[in-house]
Amino acid sequence: MKIIKLDATNSTNDYLKEKLSTSNKKQTIIAYTFNQKKGRGQRNKEWISEPFKNLSLSLLIFPKNLSTKDIFYVNIFASVLLINFFKKEKIKKLEIKWPNDILSYNKKFCGILCESIINKHLVNKLIIGIGVNVNQISFDGLPNACSIRKILKKEINLDSFTRRLIQNIKKNISFFEDTPKIKSFKIFNNYLDNLCGYGTIKSYKISGGSKIEAEIVGLNRDGSLKMKLINGEIKMYNFNDIQLIF
């Protein structure tokens with residue numbers, strides 16, 4: 001595995017995509033920076049990161065026999081890996097906000113963005129981007145954002161934190177590369193156990209702007225949610241159909 005520290009970059013995901021375009025070598029790479037200028041999050045939102053306060057890290061892997069139908073299992077495993085890592089960092093009240101944001105005390109401090117290169121029905125190359133708010137204090141206009149420093153009420157050594165996270169990723173790299181491992185029943189259940197809204201009623205905004213009260217009662221292979229509305233009706237929702245209000 002090659003590890004690259006960047007002084008600054010627009011996006012660590014985009015940096016690895018550029019590396020792919022200029023090399024045919026199949027090498028697992030982690031690229032990270034403390035100064036990401038144009039990060040991207042889910043739903044095409046900008047991931048705003050104060051320079052030298054936070055971590056932006058991307059992992060390039062070459063999975064074996066990963067079907068496009070199973071790509072959401074990568075999100076599941078990455079979310080579970082981070083939840084378990086943050087527990088070791090003494091962060092409490094952790095939850096996964098579907099599909100793969102990490103919350104503490106109902107505030108978001110970590111996000112994941114997976115991007116793939118596909119050949120026919122298989123994923124040949126996969127980039128997993130992780131953004132962690134570490135020492136940032138102010139989040140103007142983002143009332144639901146937080147950082148590890150605000151949660152733990154102390155400043156975090158960015159270098160040490162990054163080394164621990166990279167070591168954790170390296171220990172689990174075989175899971176990312178091996179589809180049967182990430183499809184483990186135990187990992188799937190761990191994801192559900194930590195999923196915000198699983199088995200509890202929450203408020204959601206659905207496409208079109210209306211709001212519903214519902215609980216998550218299941219998760220499909222493609223990552224879509226099985227929801228039970230307060231009137232007892234069961235409905236399925238895809239990623240762009242529904243958003244948690246928190």
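Predicted model: local features only at pLDDT ≥ 70, side-chain atom pairs only at ≥ 80, totals over all residues.
The crossing of α2 and α4 is right-handed, where a crossing is called right-handed if the near helix is turned clockwise from the far one by less than a right angle, and left-handed if anticlockwise. Residues are numbered from 1 along each chain as its sequence is written, and side-chain values use heavy atoms, with hydrogens and water left out.

Two packed helices are described by the angle between their axes and the distance between the axes. Helix α2 covers residues 72–88 and helix α4 residues 158–171, and they pack at an angle of about 135° with their axes 11 Å apart. That makes α2 oblique to α4, since angles under 35 degrees count as roughly parallel, over 145 as roughly antiparallel, 65 to 115 as roughly perpendicular and the rest as oblique. The axes are lines fitted to C-alpha atoms, for helices over the stretch in contact, and the angles run from 0 to 180 degrees between N-to-C directions. Helices (H or I, at least four residues) and strands (E, at least two) are DSSP runs, numbered from the N terminus.

On the α2 side, Leu81, Leu82, Phe85, Phe86 and Lys88 meet Phe161, Arg164, Leu165, Asn168 and Ile169 of α4, contact meaning heavy atoms within 4.5 Å. By class, these residues divide into 7 nonpolar, 1 polar and 2 charged, with Ala, Val, Leu, Ile, Met, Phe, Trp, Tyr, Cys and Pro counted as nonpolar, Asp, Glu, Lys and Arg as charged, and the others, Gly among them, as polar.

Helix α2 also packs with helix α7, residues 185–193, at an angle of about 65° and with the axes 9 Å apart. That makes α2 roughly perpendicular to α7, and the crossing here is left-handed. Phe72, Tyr73, Ile76, Phe77, Ser79, Val80 and Asn84 in α2 meet Ile187, Phe188, Asn190 and Tyr191 in α7, a contact with 8 nonpolar, 3 polar and no charged residues.

Let me turn to two serines. Leaving aside neighbours within four places in sequence, serine 56 is in contact with Thr12, Ala31, Tyr32, Thr33, Gln36 and Ile130. Its side chain is joined to that of glutamine 36 by a polar contact of 3.2 Å, that is, a pair of N or O atoms within 3.5 Å, where within protein one must be able to donate a hydrogen and the other to accept it, and residues adjacent in sequence count only if both atoms are side-chain atoms.

Serine 138 lies in the loop between β9 (122–132) and α3 (148–152) and is partly exposed, with a relative accessible area of 41%. Its side chain makes a polar contact of 3.1 Å with the side chain of aspartate 140.

Finally, the backbone. The peptide bond from tryptophan 98 to proline 99 is cis, with omega near 5°, and proline 99 sits in the loop between β6 (94–97) and β7 (101–104). Lysine 90, in the loop between α2 and β6, has a positive phi near 70° although it is a residue other than glycine, and lysine 90 is exposed at 62% relative accessible area.

Methods. Buried < 20%, exposed > 50% of the residue type's maximum accessible area, 1.4 Å probe, protein only.
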